[in-house]
Structures are given as structure tokens and as C-alpha cells.
Amino acid sequence: MILWEVFDKNELFILIMNIIAYSVFFLLPKKFTREITAFLLSWGFTIGILFDFTIGGGLIDYYKLNDSNQYGVNDLFYYFTFAPFGYFFIYFYESFKINPRTLILYVLVWSLFGVGLQWIFTLVDIVTFKNGYKLVYSFPVFIITQTMTVYYYQLVKKSRNTLEFTEK
């Protein structure tokens with residue numbers, strides 16, 4: 001693992017994005033138990049890495065992260081941004097009291113947000129597509145991962161019944 005080849009706009013963007021995302025995470029009122037919070041953060045981190053290691057590199061290799069084909073420290077910081085976004089996805093799912101009738105719209109909005117964020121990543125050279133991959137292909141990936149996240153969360157919620165709602 002390399003540190004980075006050149007420290008420029010993509011490295012700076014990732015650091016700023018991490019600062020903003022984790023600041024929002026710590027400033028939001030707590031809605032879940034520590035166990036559920038840890039689960040949501042680790043789920044977001046894991047699902048991001050899983051898809052990046054399968055379609056982004058390794059098996060299929062449809063895009064390159066940052067400046068090098070080697071994994072670097074900045075790639076790790078990039079993956080850390082997935083954790084709070086996985087948390088935010090379920091945080092607002094509970095805040096907006098998403099039900100089965102509104103779930104499709106909720107997942108579509110978050111999928112569009114994900115594609116928009118990935119588009120920004122291409123502009124600042126965090127993600128560079130290759131081998132014919134196009135941004136629009138990420139939309140079904142986001143739909144699948146976010147739908148999986150909701151159903152997995154519902155499964156955990158039912159089995160653990162440890163949610164701690166602090167809404168007043």
C-alpha cells in the first residue's frame with residue numbers, strides 16, 4: 001500500500017468530505033443504540049468496499065480510484081466515507097418513517113444521490129471509469145445495495161429489538 005503518488009484535489013476532496021460527513025454524524029441527535037450505530041457504520045463501510053473490490057478493481061476492474069492502480073492510504077479514507085453515508089441512509093429512513101409504500105421512492109432518491117456523488121468523484125479524479133463502464137451503470141448498483149441495506153436493517157431490528165429512539 002502506497003501513501004499517495006501526488007497530494008492534489010482528489011486527496012483534499014476526500015479529506016474534506018470525511019470531515020463534513022463525520023461532523024454531521026457526530027452532530028446529529030443519537031437515534032440508535034451503540035450496537036446498531038456500529039452495525040450501520042460497519043455495514044456502510046463493508047458494502048462499499050465489497051462493490052468497489054468486485055466491480056471497481058480486482059474481478060472486473062471497471063474503474064480506478066485516485067491516482068494509482070495500487071491501493072493507497074487515500075483509498076482507505078475514501079472507503080471511510082461509506083460508513084457515515086450508510087448510517088445516514090438508515091437514520092433518515094427512520095426519521096422520515098419510510099414505509100413499504102414510500103420505500104421505492106426513498107431508494108430511488110438515495111440512488112440518484114449516490115450517482116450524483118459518484119459523478120462529482122469523476123470530476124475531481126477520485127474515480128476514473130475504464131473498460132467501457134459508464135456512470136449510469138452505477139444506478140442499479142445503488143438500488144441493489146440500498147434495498148439490501150433496508151432489508152438487512154429490518155431483519156436486525158426485528159431480531160434485536162434494541163433500537164433506542166430519543167425523539168421527543
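Contact means heavy atoms within 4.5 Å. This is a predicted model, in which local features need pLDDT of at least 70 and side-chain atom pairs count only at pLDDT 80 or more, while totals for chains, interfaces and linings use all residues. Residues are numbered from 1 along each chain as its sequence is written, and side-chain values use heavy atoms, with hydrogens and water left out.

**View 1**
Thr145 sits in helix α6. Helices (H or I, at least four residues) and strands (E, at least two) are DSSP runs, numbered from the N terminus. Thr145 is buried, with a relative accessible area of 9%. Buried means under 20% relative accessible area, exposed over 50%, and partly exposed in between (1.4 Å probe, protein chains only). Leaving aside residues up to four places away in sequence, Thr145 touches Ile47 and Phe51. Ile55 is 90 residues from Thr145 along the chain, and their C-alpha atoms are separated by 13 Å.

**View 1. The whole chain.**
The chain has 6 helices and 2 strands. Along the sequence they follow the pattern α-α-β-α-α-α-β-α. The radius of gyration is 16 Å, close to the 15 Å that the globule rule gives for 168 residues, so the chain is as compact as a globular protein of that length. This radius is taken over C-alpha atoms, and the rule is 2.2 Å times the number of residues to the power 0.38. The C-alpha atoms fill a box of roughly 50 × 30 × 25 Å along the principal axes. Of contacts between residues at least 6 apart in sequence, 78% join residues at least 24 apart.

Buried residues make up 40% of the 168 residues. The accessible surface comes to about 9700 Å², and 70% of it belongs to carbon and sulfur atoms. Areas come from the Shrake-Rupley method with a 1.4 Å probe; for residues, only the protein chains shown count as cover. The chain has 13 positive and 12 negative charges, and their mean positions are 13 Å apart. Lys and Arg count as positive, Asp and Glu as negative; His and the chain ends are not counted. Each charge is placed at NZ of Lys, CZ of Arg, CG of Asp or CD of Glu.

**View 2. The nonpolar cores.**
The largest nonpolar core has 24 residues. Such a core is a set of buried Ala, Val, Leu, Ile, Met, Phe, Trp, Tyr and Cys residues joined through side-chain atoms within 4.5 Å. Phe32, Leu40, Tyr87, Phe89, Tyr93 and Tyr153 have the most contacts inside the largest core. Two or more residues come from each of α2 (34–56), α4 (82–95), α5 (103–123) and α6 (138–160). Helix α4 gives the most, with 7 residues. Another core, of 14 residues, lies apart from it; Ile14, Tyr79, Phe121 and Ile126 are among its members. In soluble globular proteins, nonpolar side chains tend to be buried together.

**View 3. Asn10 in helix α1.**
Asn10 lies in helix α1 (residues 9–27). Asn10 is buried, with a relative accessible area of 1%. Not counting residues up to four places away in sequence, Asn10 touches Asn66, Asp67, Asn74, Val124, Asp125 and Ile126.

**View 4. Two loop residues with positive phi.**
Most residues other than glycine have a negative phi. Asp125 is not a glycine, yet has a positive phi of about 65 degrees. Asp125 is found in the loop between α5 and β2 (127–129). At 34% relative accessibility, Asp125 is partly exposed. Asn131, also not a glycine, has a positive phi of about 55 degrees. Asn131 lies in the loop between β2 and α6. Asn131 is exposed, with a relative accessible area of 54%.

Phe85 is in helix α4. At 22% relative accessibility, Phe85 counts as partly exposed. Phe85 touches Ala21, Trp110, Phe113 and Leu117, with residues up to four places away in sequence not counted. Phe53 is 32 residues from Phe85 along the chain, and their C-alpha atoms are separated by 18 Å. Phe96 is in the loop between α4 and α5. At 56% relative accessibility, Phe96 counts as exposed. Phe96 and Tyr106 are 10 residues apart in sequence and 9.5 Å apart in space, C-alpha to C-alpha.
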